[in-house]
Amino acid sequence: MSIIKESDLIDSVADALQFISYYHPLDFVKAVHEAYEREESTAAKDAMAQILINSRMCAEGKRPICQDTGIVTVFIKIGMNVQWEGTKSVSDMINEGVRRAYTLPENVLRASILADPAGARKNTKDNTPAVIHMEVVPGDTVEVHVAAKGGGSENKSKLAMLNPSDDIVEWVKKTVPTMGAGWCPPGMLGIGIGGTAEKAMVMAKESLMEPVDIHELKERGPQNRVEELRLAIFDAVNNLGIGAQGLGGLTTVLDVKIMDYPTHAASLPVAMIPNCAATRHAHFVLDGSGPADLVPPSLDDWPEITWEVGDSVRRVNLNEVTPEEVQSWNPGETILLNGKMLTGRDAAHKKMVEMMANGEELPVDLKGRFIYYVGPVDPVREEAVGPAGPTTSTRMDKFTHTVLEKTGLLGMIGKAERGPIAIEAIKEFGAVYLMAVGGAAYLVSKAIKKADVVAFPELGMEAIYEFDVVDMPVTVAVDSKGTSVHVTGPAEWKARIEEQALEIK
């Protein structure tokens with residue numbers, strides 16, 4: 001029998017969440033680097049370079065890999081011979097660990113969890129509660145997997161109740177393009193097959209706790225049907241040409257994980273959950289000897305990557321930019337932004353649209369301005385702002401026509417693609433959409449020299465800020481004529497991959 005103190009679990013959860021906020025799993029870093037080395041698409045290679053540079057910077061500076069520090073998911077297996085020393089429930093212990101991790105002054109993590117999700121959506125301010133999956137198993141230890149899952153990738157989760165005769169590979173191949181790039185590829189796909197609807201989803205999430213090992217599997221060959229499916233799905237998804245950040249390229253997924261479970265004869269539940277470029281998880285075991293000891297990786301384990309913007313890059317002064325200048329920008333062009341920009345996410349856009357509908361004056365003048373879709377982490381020490389990477393832009397699509405029409409907003413900056421209604425509005429009003437790299441939040445924050453809240457302070461991280469930036473790198477993702485690189489890039493690379501496959505045959 002093991003006696004485990006409640007403080008051991010609390011401290012271990014808190015330490016693990018801090019640890020994974022700034023240390024990528026090294027198997028993931030290695031996989032991204034190998035994909036970077038193989039990549040032939042310049043845009044995708046540049047995106048992966050920024051992700052790798054950001055990863056090393058976070059490991060050095062002990063600051064979050066992504067501004068979305070995630071919703072905490074915990075898988076805990078409690079040995080039947082374990083005895084707890086303390087008065088809290090296991091859930092309360094875990095949530096106390098989450099609370100301590102997310103409010104640690106040295107590395108404050110963003111509070112993203114909202115209570116009353118279908119109503120007031122009020123921030124709990126400490127990222128509690130976690131989503132906890134608990135199991136009692138034989139033994140005298142407590143095994144814990146802790147993950148922090150970003151909303152952009154979680155929102156792309158899929159569930160299908162297929163017919164038993166349906167082809168799972170074909171379903172994945174058809175479904176992944178519908179997910180867009182808001183899950184920040186390259187990442188991993190977790191797939192749960194069988195059981196019931198809820199069991200399939202839990203298995204898909206749990207499978208993402210495993211290390212990247214697809215290339216080892218390729219070398220030794222599959223030994224069962226699940227391994228055959230992993231390899232088939234891996235190749236099918238990468239052959240789609242979606243690429244890093246959805247810009248088109250050779251690598252969309254770094255690995256495919258599958259868990260399965262017996263199911264009803266009439267059923268074939270299949271769940272798919274992606275992990276993003278800010279993959280964060282840790283595993284530890286408590287045996288009664290004290291809290292978990294998480295050993296920091298060596299900085300020597302990160303590749304030395306440099307990213308040069310080149311002579312052809314256009315520098316733009318946001319304080320002076322004109323509609324005529326914007327109309328000269330080309331799809332896929334790299335631009336360095338300088339000057340003042342505003343920020344705003346879902347809650348701010350909703351409030352602004354409601355105010356306009358009611359004939360109220362907005363608290364900020366958007367005419368000729370650029371708005372960055374971001375909810376930054378609070379700053380520490382000398383920072384102007386904490387990690388401040390982009391959020392998924394499609395969530396703002398339904399507001400785009402109204403905002404462009406009523407305010408004269410000139411440009412938007414965010415993550416991944418825009419949908420058809422937003423692209424049509426951009427084209428109609430001669431605006432532009434610029435893309436920043438998801439998964440490079442700390443790197444982006446270094447370009448922000450000043451940050452002030454200018455409207456809606458009650459919204460917390462969703463308030464409207466004014467950022468003063470120097471050489472913030474972005475890509476022209478939708479130009480003023482409505483051409484989207486998230487359409488043209490993957491189409492080009494899918495055709496190239498198919499052409500290469502024909503040549504090999």
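Arg121 is partly exposed in this predicted model, with a relative accessibility of 48%. Its place is the loop between β4 (114–115) and β5. Although Arg121 is not a glycine, its phi is positive, at about 50 degrees. A positive phi is also assigned to Asp471, again not a glycine, with a value of about 55 degrees. Asp471 belongs to strand β19 (residues 464–478). The relative accessible area of Asp471 is 27%, so this residue counts as partly exposed.

Two cis peptide bonds are described next. One joins Thr128 and Pro129, with omega at about 0 degrees. Pro129 lies in the loop between β5 and β6. The other runs from Pro185 to Pro186, and here omega is near 10 degrees. Pro186 is located in the loop between α6 (168–175) and β9 (187–194).

Charged pairs were examined next. Side chains of opposite charge can pair when their charged atoms come close. The model contains 28 salt bridges. One of them is formed by the side chains of Arg56 and Glu304, with an N to O distance of 3.4 Å. This pair connects distant parts of the chain, 248 residues apart: Arg56 is in helix α3 (residues 42–61), while Glu304 is in the loop between β12 (281–286) and β13 (314–317). The two partners fall into separate accessibility classes. Arg56 has a relative accessibility of 17%, which is under the 20% limit, and therefore counts as buried. Glu304 has 65%, which is over the 50% limit, and therefore counts as exposed.

A salt bridge also forms between Asp126 and Arg99, whose closest N and O atoms are 2.9 Å apart. Asp126 is in the loop between β5 (122–123) and β6 (131–137), and Arg99 is in helix α4 (residues 90–102), so the bridge ties together parts that are 27 residues apart in sequence. Asp126 is buried, with a relative accessibility of 11%, whereas Arg99 is partly exposed at 31%.

Lys149 has a relative accessibility of 4% and counts as buried. Glu154 is partly exposed, with a relative accessible area of 26%. Elsewhere, salt bridges that share partners join Asp11, Glu96, Arg99, Arg100 and Asp126 into one network. The bridge between Asp126 and Arg99 has both of its residues in this network.

Nonpolar packing was considered separately. In soluble globular proteins, nonpolar side chains tend to be buried together. The largest nonpolar core of the model comprises 99 residues. Those with the most contacts inside this core are Leu9, Leu17, Ile76, Val146 and Met412. Helix α3 provides the largest share of the core, 10 residues. Arg56 is placed in this helix too. Domain 1 (151–277) and domain 2 (314–489) each contribute at least three residues to the core.

The second largest pocket was also characterised. About 340 Å³ of space lies within this pocket. Its lining consists of 17 residues, of which Pro177, Gly180, His486, Val487 and Pro490 are the closest to the pocket centre. At least two lining residues are supplied by each of α13 (420–429) and α15 (485–504). The largest share, five residues, comes from α15. By residue class, the lining divides into 10 nonpolar, four polar and three charged residues. At least three lining residues are drawn from each of domain 1 (151–277) and domain 2 (314–489).

Methods:
Residues are numbered from 1 along each chain as its sequence is written. This is a predicted model: local features need pLDDT of at least 70, side-chain atom pairs count only at pLDDT 80 or more; totals for chains, interfaces and linings use all residues. Side-chain values use heavy atoms; hydrogens and water are left out. A salt bridge is a side-chain nitrogen of Lys or Arg within 4 Å of a carboxyl oxygen of Asp or Glu. Helices (H or I, at least four residues) and strands (E, at least two) are DSSP runs, numbered from the N terminus. Buried means under 20% relative accessible area, exposed over 50%, partly exposed in between (1.4 Å probe, protein chains only). On a 1 Å grid over the protein atoms alone, a cavity is a set of points where a 1.4 Å probe fits but cannot get out, and a pocket is an open set with protein on both sides within 12 Å along at least five of seven lines; lining residues have an atom within 4 Å of a point. Grid points are joined across faces, edges and corners, and a volume is the space filled by probe spheres set on the points. Ala, Val, Leu, Ile, Met, Phe, Trp, Tyr, Cys and Pro count as nonpolar, Asp, Glu, Lys and Arg as charged, and the others, Gly among them, as polar. Domain bounds come from an automatic or database domain assignment. A nonpolar core is a set of buried Ala, Val, Leu, Ile, Met, Phe, Trp, Tyr and Cys residues joined through side-chain atoms within 4.5 Å.
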